[in-house]
Amino acid sequence: MSSSGYVSIQCPNCQRSLPAGAQTCQFCGTPLANVARPKSVARKVPYGPQPWIMWLYNAIAGYMIVKGVMHIVLDAQTMASLPKPLPASVTRYFYFLFALALFQMSLGLGLILKWDWARAVVRVFCWIAIFFDALGLFGSSMGAVVFGTSGIAVRMFFGILDIVAWGTLLWLLSETD
Ligand SMILES: [Zn+2]
């Protein structure tokens with residue numbers, strides 16, 4: 001099948017090849033409404049990613065934006081609750097947190113709008129996150145050996161969940177290229 005999506009069907013009456021979109025045979029006039037069409041023509045976008053892949057991709061990107069908003073709200077509340085005047089170093093620390101949250105939000109937005117730089121940054125970020133999650137898992141399993149398992153099972157569960165999430169995002173990035 002060519003990339004233009006041109007595929008042919010066969011006239012049930014005269015057996016000639018016809019464009020897949022034809023409604024009547026151009027040679028003998030037979031109506032073709034009941035002729036089975038190849039799947040790639042029935043689907044409007046034959047070469048795009050599956051709809052559920054786009055859905056999951058946008059859901060994770062949306063989650064990044066929501067998390068960024070949450071961080072800003074929570075950090076602003078914490079900042080407001082501290083006794084005034086704030087030391088300059090503490091103020092700078094909060095501005096750093098706000099900038100980080102804004103950056104995370106712009107990455108999520110960039111994923112949805114398919115900005116190339118955002119997708120490239122997230123790709124690198126996923127590998128870094130997987131690396132540190134794996135280190136954490138290794139540490140947790142060492143802890144389980146030394147101190148027994150209380151509390152460590154929960155931490156390991158979320159560590160594995162994180163790795164699965166970042167791995168899924170990496171895979172989604174390649175699927176939506
Ligand atoms: Zn025909």
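Me: Where is Gln 15 found, and how do I read strand labels there?
Reply: Helices (H or I, at least four residues) and strands (E, at least two) are DSSP runs, numbered from the N terminus. Gln 15 is found in the loop between strand E1 (8-10) and E2. This is a predicted model: local features need pLDDT of at least 70, side-chain atom pairs count only at pLDDT 80 or more, and totals for chains, interfaces and linings use all residues. Residues are numbered from 1 along each chain as its sequence is written.

Me: What is the phi of Gln 15?
Reply: Most residues other than glycine have a negative phi, and most peptide bonds are trans. Gln 15 has a positive phi, near 65 degrees, and is not glycine.

Me: Is Gln 15 buried or exposed?
Reply: Count C-beta atoms, placed from the backbone: a residue is buried if 20 or more others lie within 10 Å of its own, exposed if 12 or fewer, and partly exposed in between. Gln 15 counts as exposed because it has 10 C-beta neighbours inside 10 Å.

Me: Which phi does Lys 114 take, and where does Lys 114 lie?
Reply: Lys 114 is not a glycine, yet its phi is positive, about 60 degrees. Lys 114 lies in the loop between H3 and H4, just after H3. Lys 114 counts as exposed because it has 12 C-beta neighbours inside 10 Å.

Me: Which peptide bond is cis?
Reply: The bond from Lys 84 to Pro 85 is cis, with omega near -5 degrees. Pro 85 sits in the loop between H2 and H3.

Me: How do I check the length of helix H3?
Reply: The expected span of a helix is 1.5 Å times one less than its number of residues. Helix H3 (residues 88-112) has 25 residues. From first C-alpha to last, H3 reaches 36 Å, close to the 36 Å expected.

Me: Which residues of H3 are buried?
Reply: They are Ala 101, Leu 107, Gly 108 and Leu 111.

Me: What makes up the largest nonpolar core?
Reply: In soluble globular proteins, nonpolar side chains tend to be buried together. A nonpolar core is a set of buried Ala, Val, Leu, Ile, Met, Phe, Trp, Tyr and Cys residues joined through C-beta atoms within 7 Å. Here the largest has nine residues: Tyr 57, Ala 61, Leu 107, Leu 111, Val 122, Cys 126, Trp 166, Leu 169 and Leu 172. Helix H2 (51-81), H3, helix H4 (116-147) and helix H5 (152-175) each give two or more residues to this core. H5 gives the most, with three.

Me: What is Leu 172 in contact with?
Reply: Two residues are in contact if their C-beta atoms, placed from the backbone, lie within 7 Å. Leaving aside neighbours within four places in sequence, Leu 172 is in contact with Ile 53, Leu 56 and Tyr 57.

Me: Where does Leu 32 lie?
Reply: Leu 32 is in the loop between strand E2 (17-19) and helix H1 (39-42). Leu 32 counts as partly exposed because it has 19 C-beta neighbours inside 10 Å. Leaving aside neighbours within four places in sequence, its contacts are Ile 9, Ala 22, Gln 23, Thr 24 and Cys 25.
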